[in-house]
Amino acid sequence: MPFDRSIKIAPSILSADFADFGREIRAIEAQGADWVHVDVMDGHFVPNLTFGPPAVKAFRRHVKTVMDVHLMIAPVDPYIDAYADAGADILTAHVEAGPHIHRTLQAIRAAGMKAGVALNPGTPAEAVAELLDLADLVCVMTVNPGFGGQKFLDMTAKVRRLREMIGDREIHIEIDGGVDPTTAPLVAAAGADVLVAGSAVFRGGSVDDPAPYGANIAAIRAAAQGA
Ligand code: DX5
Ligand code: ZN
């Protein structure tokens with residue numbers, strides 16, 4: 001997967017029909033998704049529970065683009081091999097998930113995946129300063145993780161700071177939470193290139209009527225590119 005900083009839209013299947021993940025994944029890709037964002041929650045690190053490695057492995061059969069797996073779990077390390085086996089292209093762990101995020105990022109790369117590090121809204125950009133040589137992606141949470149459909153928190157100053165810290169390194173800046181055509185331009189202008197969107201992609205459509213997914217993806221992309 002060659003690196004570039006063009007805008008990429010990564011629909012979160014947290015907003016999909018949980019009884020129909022295969023068709024939902026195929027629908028969002030047919031409608032223009034660049035990546036597929038998979039939110040793994042453990043009911044412990046975050047107050048919600050979604051799915052684990054066997055489900056993610058089943059999703060893989062349907063993903064033709066990039067499977068971007070966002071772990072909102074603690075601990076992370078015991079599960080890294082399971083997500084490699086499930087076929088994750090990118091595996092993202094939270095800097096807040098434990099004391100040894102440095103080791104975690106090393107282990108993710110050693111297992112053959114791209115390594116992502118996520119920052120909760122209350123965590124400053126500086127928390128990743130010593131991790132940038134180990135990371136392929138920094139995910140800036142613009143909601144407190146756990147649920148889709150929450151209100152966007154303005155983290156543009158943090159994104160700008162990260163963009164400066166990253167310099168020429170080949171590291172994506174991903175935004176997760178409350179991204180829609182109104183908020184996308186703010187974070188794109190600050191230097192983000194991967195925009196996760198759940199409710200703003202899936203609203204108004206369904207697997208039987210997926211055209212609204214395409215219109216929603218196109219609207220977010222156009223707003224971000226106009227930034
Ligand atoms: C939040 C998840 C997000 C979420 C985004 O905990 O990590 O990926 O699904 O959903 P929206 O776009 O609805 O805020
Ligand atoms: Zn996410």
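1. V40 is buried, with a relative accessible area of 2%; buried means under 20% relative accessible area, exposed over 50%, and partly exposed in between, with a 1.4 Å probe and protein chains only. The residue is found in strand β2, residues 36–41. Helices (H or I, at least four residues) and strands (E, at least two) are DSSP runs, numbered from the N terminus. Not counting residues up to four places away in sequence, V40 touches T50, F51, V56, V69, H70, L71, M72, I73 and Y83, where contact means heavy atoms within 4.5 Å. The C-alpha atoms of V40 and S6 are separated by 26 Å, and the two residues are 34 apart along the chain.

2. On the basis of this note: the model is predicted, local features need pLDDT of at least 70, side-chain atom pairs count only at pLDDT 80 or more, and totals for chains, interfaces and linings use all residues. Residues are numbered from 1 along each chain as its sequence is written, chains are lettered from A and ligands numbered from 1 in the order in which they are written, and side-chain values use heavy atoms, with hydrogens and water left out.

3. Ligand 1 is surrounded by 20 residues, and the closest are D39, G149, D176, G198 and S199; a residue is near a molecule or strand if one of its heavy atoms lies within 4 Å of it. Strands β2, β3 (67–72) and β8 (194–197) each supply at least two residues of the shell around ligand 1. Of the elements, β2 gives the most to this shell, with three residues.

4. Polar contacts to ligand 1 come from side-chain and backbone atoms. A polar contact is a pair of N or O atoms within 3.5 Å; within protein, one must be able to donate a hydrogen and the other to accept it, and residues adjacent in sequence count only if both atoms are side-chain atoms. A polar side-chain atom of S12 lies 3.1 Å from an oxygen atom of the ligand. A polar backbone atom of G146 is 2.8 Å from an oxygen atom of ligand 1, and for a backbone N or O atom of G198 the distance to a ligand oxygen atom is 2.7 Å. Taken alone, ligand 1 exposes 380 Å², and the protein buries 100% of that; accessible areas come from the Shrake-Rupley method with a 1.4 Å probe, and for residues only the protein chains shown count as cover.

5. Helix α1 (residues 21–30) is largely enclosed by the rest of the structure, because seven of its 10 residues are buried. These are F21, G22, E24, I25, A27, I28 and E29. The buried residues of α1 pack against β1 (8–11), β2, α2 (53–60), α7 (199–202) and α8 (211–225). After the helix comes G32, whose phi is positive, near 110°.

6. In helix α5 (residues 156–166), T156, K158, V159, L162, M165 and I166 are buried. Their cover includes β5 (114–119), β6 (137–141), β7 (172–176) and α6 (184–190). G167 follows α5 and has a positive phi, near 55°.

7. K8 has its place in strand β1. This lysine counts as buried because its relative accessible area is 7%. The side chain of K8 reaches the backbone oxygen of D4 at 2.9 Å. Leaving aside neighbours within four places in sequence, K8 is in contact with D34, W35, H172, D193, V194 and L195.

8. F18 is found in the loop between β1 and α1. At 42% relative accessibility, F18 counts as partly exposed. Its contacts, leaving aside neighbours within four places in sequence, are I13, T50 and F51. F18 and F51 are 33 residues apart in sequence and 10.0 Å apart in space, C-alpha to C-alpha.

9. A cis peptide bond joins A74 and P75, with omega about 0°. P75 is found in the loop between β3 and α3 (80–86).

10. D81 lies in helix α3 and counts as exposed, at 59% relative accessibility. Between D81 and V179 there are 31 Å in space, C-alpha to C-alpha, and the two residues are 98 apart in sequence.
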